[in-house]
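Please read the following account alongside the sequence and the three-dimensional view.

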Amino acid sequence: MTSSEQTAEKIHYICQTYVETKAGRDGHAGLKIAKQYEYSTASEAQNRAEREAVSEDCAGADAYMVIEDPNSGEVGTPSFLIRLGNVPEFDDF
């Protein structure tokens, strides 16, 4: 294995769906992650998010990519490809 292969970043393409939760003591309903799928391309993740978002039990869906540093295992901030329906604020992500 060459040193460039050891340090190559790994890109993850994710489709994540959300469902609404019941209102808590504060009276506000929330969102929780329902499903999460990983794909090898951005278009696959985006297509899945579009399909999931129209599902009756889905409140919303995100398709995003994150870059992982294989040496440290750290994952960077998500870069959204598409956000559909009721999705959490970025700060909640």
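In this predicted model, the number of disulfides is zero. A disulfide is a covalent bond between the sulfur atoms of two cysteines. To see why none is present here, one may turn to Cys15 and Cys58. The cysteine sulfur closest to that of Cys15 belongs to Cys58, and because the two lie 7.9 Å apart, they are too far from each other for a bond. A disulfide would require the sulfur atoms to be within 2.5 Å. Seen from Cys58, the closest cysteine sulfur is likewise that of Cys15, at 7.9 Å. Cys15 is buried, its relative accessible area being 0%. Cys58 is also buried, with a value of 12%.

The discussion now passes to the strands. Strand β1 comprises residues 10-21. Strand β1 pairs with strand β2, which covers residues 30-39, in an antiparallel arrangement of nine bridges. Within this pairing, Thr17 has Lys35 as its bridge partner in β2. Strand β1 also pairs with strand β3, residues 60-68, again in the antiparallel sense and over nine bridges. In a regular strand, side chains alternate between the two faces of the sheet.

Is His12 buried or exposed? With a relative accessible area of 12%, His12 is classed as buried, because buried denotes a value under 20%. Leaving aside residues up to four places away in sequence, His12 touches Glu38, Tyr64, Met65, Val66 and Glu68.

Glu38 lies in strand β2. Which side chain does the side chain of Glu38 meet in a polar contact? The partner is the side chain of His12, at 2.5 Å. Glu38 is partly exposed, with a relative accessibility of 48%, whereas His12, as noted, is buried. Apart from residues up to four places away in sequence, Glu38 touches His12, Tyr13 and Ile14.

Conventions:
Residues numbered from 1 in each chain as written. Predicted model: local features only at pLDDT ≥ 70, side-chain atom pairs only at ≥ 80, totals over all residues. Heavy atoms only, no water. Helix = DSSP H or I, 4+ residues; strand = E, 2+ residues; numbered from the N terminus. Buried < 20%, exposed > 50% of the residue type's maximum accessible area, 1.4 Å probe, protein only. Contact = heavy atoms within 4.5 Å. Pairing = 2+ DSSP bridges. Polar contact = N/O pair within 3.5 Å; in protein donor to acceptor, adjacent residues only side chain to side chain.
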